[in-house]
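Biologist: Could you take me through the aromatic rings in this one, slowly, as if I were new to all this? I'd like a close look at how they pair up, and a bit of the setting around them.

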Amino acid sequence: MRRRWYTETMQILFIGDVFGQPGRDALLHWLPDFKEESGVDFVIANGENAANGAGITSKLALKLLDGGVDVITTGNHVYRQKEVYGFLNVDERIVRPANYPARSPGRGLTVRPATDGSEVAVINLAGELFMNSGMSPFRLVDRLVDEAAELAEAIVVDLHAEATSEKVAMGHYLDGRVTALLGTHTHVQTSDARVLPGGTAYVTDVGMTGPLESVIGVRTDIIVQRFLTELPAQFAVAEGSVRLNAALITQEGGRATGIETIEEILPGG
């Protein structure tokens with residue numbers, strides 16, 4: 001595949017974990033105007049919680065893609081909905097962690113065109129610490145980055161991980177080799193967004209696009225009772241206003257020149 005280089009500054013928007021219908025609806029309502037006003041050229045969203053907070057279906061993935069998202073990344077809940085397995089295999093606009101078994105449905109790297117036709121590579125990884133991913137992302141990231149660099153100038157990595165240390169270490173390891181290393185999974189936006197010395201935009205966790213008054217998306221009463229009693233409980237997506245978290249990366253020549261975290265409080269459906 002022939003890659004096409006960027007000639008001007010480019011804006012890449014990454015949207016934090018989209019949680020259930022409240023997150024989906026808020027994102028799809030907010031995104032078109034923001035893209036136009038901010039001159040966004042490429043949109044990535046983590047959608048692993050889009051289906052009632054646990055996984056994603058092909059129908060919901062297509063809604064996000066039709067609504068302005070260019071690539072969907074996922075994480076440890078990607079296989080919760082069996083219906084999506086075939087979609088993961090055939091649609092290049094959705095990725096799953098590359099360090100999952102090779103025989104598992106889907107791919108961990110994709111390359112898609114931005115608004116000007118230039119290519120953007122998106123790599124999805126899962127953390128090893130506390131995540132049971134089966135393989136450290138450090139063991140295969142070099143190969144993935146080398147492959148992506150042959151196909152695109154801008155490379156964005158979503159590291160879906162629990163441990164802050166693992167994300168920080170990966171950011172420094174890839175500094176200067178990728179455009180952005182963005183953490184997801186904890187659903188709480190961190191305050192450490194910056195461009196690392198080599199030109200890689202970094203933030204430990206982008207945050208969540210889901211119910212504001214919740215415990216990372218789930219109804220607070222359910223989670224509080226679970227902590228009080230240690231008894232299992234059926235999770236339910238909270239309702240009400242939505243906190244939309246995202247990161248906007250400015251890049252030129254494959255190197256980040258800026259990163260801005262976004263928090264919007266939006267009305268619920």
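Predicted model: local features only at pLDDT ≥ 70, side-chain atom pairs only at ≥ 80, totals over all residues.

Modeller: Happy to. Helices (H or I, at least four residues) and strands (E, at least two) are DSSP runs, numbered from the N terminus. By that count, the protein chain has 6 helices and 13 strands. Its radius of gyration (taken over C-alpha atoms) is 17 Å, close to the 18 Å from the globule rule for 269 residues, so the chain is as compact as a globular protein of that length. That rule is 2.2 Å times the number of residues to the power 0.38. Along the principal axes, the C-alpha atoms fill a box of roughly 55 × 40 × 35 Å.

Residues are numbered from 1 along each chain as its sequence is written, and side-chain values use heavy atoms, with hydrogens and water left out.

Now, the rings. A pair of aromatic rings is described by the distance of the centres and the angle of the planes. Rings of Phe, Tyr and Trp (its six-membered ring) pair if their centres lie within 6.5 Å; planes under 30 degrees apart are stacked, over 60 edge-to-face, and the rest tilted. By this rule the count comes to 4 aromatic pairs. One of them is Trp 30 with Phe 34, a stacked pair at 4.4 Å centre to centre, with 20 degrees between the planes. Both residues sit in helix 1 (residues 20–38), 4 residues apart, which is about one turn of the helix.

How covered are they? Buried means under 20% relative accessible area, exposed over 50%, and partly exposed in between (1.4 Å probe, protein chains only). Trp 30 has 9% relative accessibility, so it counts as buried. Phe 34 has 13%, so Phe 34 counts as buried too.

Next, look at Phe 138 and Tyr 173, whose rings form a tilted pair: 5.9 Å centre to centre and 55 degrees between the planes. Phe 138 lies in the loop between strand 6 (119–126) and helix 4 (141–149), and Tyr 173 in helix 5 (residues 164–174), so this pair ties together parts that are 35 residues apart in sequence. Phe 138 is partly exposed, at 29% relative accessibility, and Tyr 173 is partly exposed as well, at 36%. Elsewhere, Tyr 79, Tyr 85 and Tyr 100 form one aromatic cluster.

While you're at that loop between strand 6 and helix 4, find Phe 130, which lies there too. Most residues other than glycine have a negative phi. Phe 130, though, has a positive phi of about 65 degrees, and it is not a glycine. With a relative accessible area of 69%, Phe 130 is exposed. Asn 52 has a positive phi as well, near 55 degrees; Asn 52 is in the loop between strand 3 (42–46) and helix 2 (58–66), and it is exposed, with a relative accessible area of 59%.
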